[in-house]
Amino acid sequence: MAESLAASSAYPVVIEATETLDNLVKRMSNQDEVAYIAILSADGRVLATTSSHEGGGDLSKEADQKAIMMGDQPSTFPVTSKTGKKFYEAVVPIFLKAGYDDINERIGTVRVGLSLSDLQQKLKGILWIGFLITGVIMAGGILAVFVFVYVVTSPLKRMASIAARIAEGDFSQRIKVTSQDEIGLLGASFNRMAEKIEEAIGWLRNLNEELEQRVRERTAELAEKNTELQKAMTYLQETQAQLLQSEKMAAVGKLAGGIAHEINNPLCVILGFAQSLVKQLSDTDPQALPLRSMEREAKRCKYLVQNFLAFSRSSKGEKIKTEVNLVVEEALELIRHQTAVKKIELRQEMASGLPPILADKNQLQQVLINLATNAMDAMPTGGDLTFATMRGSHGDGRDWVEIQVRDTGCGIPKEVHSKIFEPFWTTKEVGKGTGLGLSLCYEIAQRHGGSISVESETGKGTTFMVRLPAAGNGTRNNGDEKNPSGG
Amino acid sequence: MATKKILLVDDEPGMRDLFLYHFGQEGHEVTAVENGRRAVEVLGEKAFDVVFMDIHMPEMTGPEALKIIKKRKPTQTVVMLSSSSDPDYLLERQSEELGAARWLPKPFDIDVIHEILTGS
């Protein structure tokens with residue numbers, strides 16, 4: 001500003017056209033920040049000045065000196081008036097450019113004083129505006145940031161909350177996708193993921209159900225198998241025990257065979273002599289009694305030996321013609337001692353003239369002994385045990401022989417009649433009975449072409465009936481007449 | 001009953017005593033030997049109505065002796081006596097095949113012997 005004034009006032013200064021200079025000054029001082037303007041001549045006289053300036057007169061001198069000191073260059077420097085106001089002065093020497101030569105003669109000085117306070121105010125104003133603008137911008141920016149953040153994060157927060165809900169287990173939640181931008185994409189991906197998870201969870205649940213179902217089935221199967229296994233195990237153990245028993249029995253059998261053999265000889269002699277003497281005596285002879293006793297007891301020994309032998313040998317199951325009554329009698333002898341001890345009265349009701357049957361004597365005796373033992377167990381305080389034989393017929397025209405074993409014991413309730421012949425069925429405590437006895441009897445009866453049945457009621461005693469077909473019923477005849485009935 | 005000639009073959013002295021005593025008392029002629037070899041010898045010398053022979057004997061078993069006897073005297077009635085109670089015994093079976101008239105287990109009723117004697 002000062003420079004332009006200097007330039008434009010150059011000529012007027014030379015000619016000292018003060019009016020022009022004044023106008024110039026006036027014009028320039030209209031600018032706001034101009035506090036004073038002074039145009040000085042070369043010797044320091046004030047040629048034009050603004051109407052109001054403070055301490056102009058003083059200034060001129062100072063300035064002049066300074067200007068002189070400053071040389072030919074324009075310069076600026078701060079000035080403080082006596083009143084403390086601050087100004088910024090620009091001092092520009094005026095040069096007259098002589099047309100054609102390069103000589104610049106200094107003809108004056110322009111001094112433009114800018115009110116620093118004005119300036120400052122202006123500056124402040126500018127600063128304030130600047131601040132304001134900055135502030136607004138910042139605020140705007142911050143707001144924008146907040147908005148931006150909000151815009152970005154709120155969907156994210158929503159997503160997060162939905163994700164949280166999904167995590168809690170509600171897989172049906174979905175994010176509302178409201179935009180096509182990255183957030184929207186994220187949301188869409190999220191939804192897809194949620195879908196997939198839902199599917200997967202559903203799938204897993206089904207699988208789980210299936211698996212649980214299978215596990216249940218398998219467990220049931222296993223439980224079944226386990227029961228079967230246990231049964232098989234028990235059966236195996238029993239069979240093992242039986243086998244062991246059989247082996248022992250076989251060994252004993254051999255031994256028994258030898259012993260029986262040895263005993264039979266002296267027995268024959270004893271019996272023979274006893275019978276011989278009995279024949280020689282009359283019934284009234286006092287020695288008849290002792291001799292008859294000897295005869296009887298010798299015979300009893302014979303039965304005992306036979307039965308012991310029969311029992312201690314494994315039965316081969318071969319059937320030969322057998323007299324039922326004999327078999328029953330022998331069985332009776334075997335248990336006679338036991339019944340006496342248990343206060344059980346032993347009775348027989350044997351029919352005569354029964355047809356022979358085809359049977360394995362050992363097995364038949366096993367049946368009778370078994371039935372007798374059961375009967376004895378049913379009468380712990382004593383009772384009656386009856387063996388009976390009779391002719392029977394099944395109404396099919398064939399001849400049958402029936403053996404009955406009757407007791408006056410506690411009886412068998414009607415509900416279990418069909419079960420007692422099942423293997424492993426027993427009312428006895430563990431270890432006291434395998435429950436195989438009656439099932440074996442059943443089997444043996446079957447094997448002989450016959451049957452076994454029971455009549456009983458609780459508290460009314462029990463009768464077991466064993467029915468066997470007579471030998472002459474068209475079955476093969478072994479022709480073996482040497483059944484041990486001789487004697 | 002008429003007097004019968006009885007031959008008992010048994011290694012048991014008691015059996016021999018029994019037969020000699022009882023059937024002697026009853027009026028029969030009883031010869032008792034203790035093994036099969038002797039029996040064959042005696043049978044060569046005399047004739048008997050019935051031969052009662054034990055099965056289980058040392059030196060020569062009943063069946064073995066039976067074979068020889070049957071060869072020499074096919075019509076001889078021989079009753080085998082066995083002290084085993086088991087009809088399945090091999091030797092007992094053999095006797096039947098070899099032609100024994102009967103097989104009798106010990107101990108037996110004397111009456112059975114009487115029956116046999118009556119029938120012979």
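This is a predicted model: local features need pLDDT of at least 70, side-chain atom pairs count only at pLDDT 80 or more; totals for chains, interfaces and linings use all residues.
Residues are numbered from 1 along each chain as its sequence is written, and chains are lettered from A in the order in which they are written. Local features need pLDDT of at least 70 and side-chain atom pairs pLDDT 80 or more, while totals for chains, interfaces and linings use all residues; side-chain values use heavy atoms, without hydrogens and water.

In the interface, 26 residues of chain A are in contact with 27 residues of chain B, contact meaning heavy atoms within 4.5 Å. The size of an interface is often given as the accessible area lost when the parts come together. Here chains A and B bury about 2,500 Å² between them, 57% of it on carbon and sulfur atoms; this is the accessible area (1.4 Å probe) lost on being put together, summed over both parts.

Two salt bridges are counted between chain A and chain B, a salt bridge being a side-chain nitrogen of Lys or Arg within 4 Å of a carboxyl oxygen of Asp or Glu. A:K279 forms a salt bridge with B:D111, with the closest N and O atoms 2.5 Å apart. On the side of chain A that touches chain B, α6 and α7 (288–312) of chain A each supply at least two residues. The largest share of that side, 15 residues, comes from α6(A). Helices (H or I, at least four residues) and strands (E, at least two) are DSSP runs, numbered from the N terminus.

A:Q275 lies in helix α6 (residues 182–280) of chain A. The residue touches A:E295, A:K299, B:F108, B:D109 and B:I110, leaving aside residues up to four places away in sequence. A:Q275 counts as buried because its relative accessibility is 6%. Buried means under 20% relative accessible area, exposed over 50%, and partly exposed in between (1.4 Å probe, protein chains only).

Other salt bridges lie within a chain. In helix α6 of chain A, A:E210 and A:R214 are four residues apart, about one turn of the helix, and their side chains meet in a salt bridge (2.9 Å, N to O). A:E210 is partly exposed at 42% relative accessibility, and A:R214 is partly exposed at 44%.

A:E402 and A:R467 are both buried and form a salt bridge, their closest N and O atoms being 2.9 Å apart. A:E402 is in strand β10 (residues 400–407) of chain A and A:R467 in strand β12 (residues 462–469) of chain A, so the pair ties together parts 65 residues apart in sequence.

In chain B, a network of salt bridges links B:R37, B:R38, B:E41 and B:E59.

Definitions and conventions: Buried area is the accessible area (1.4 Å probe) that two parts lose on being put together, summed over both.
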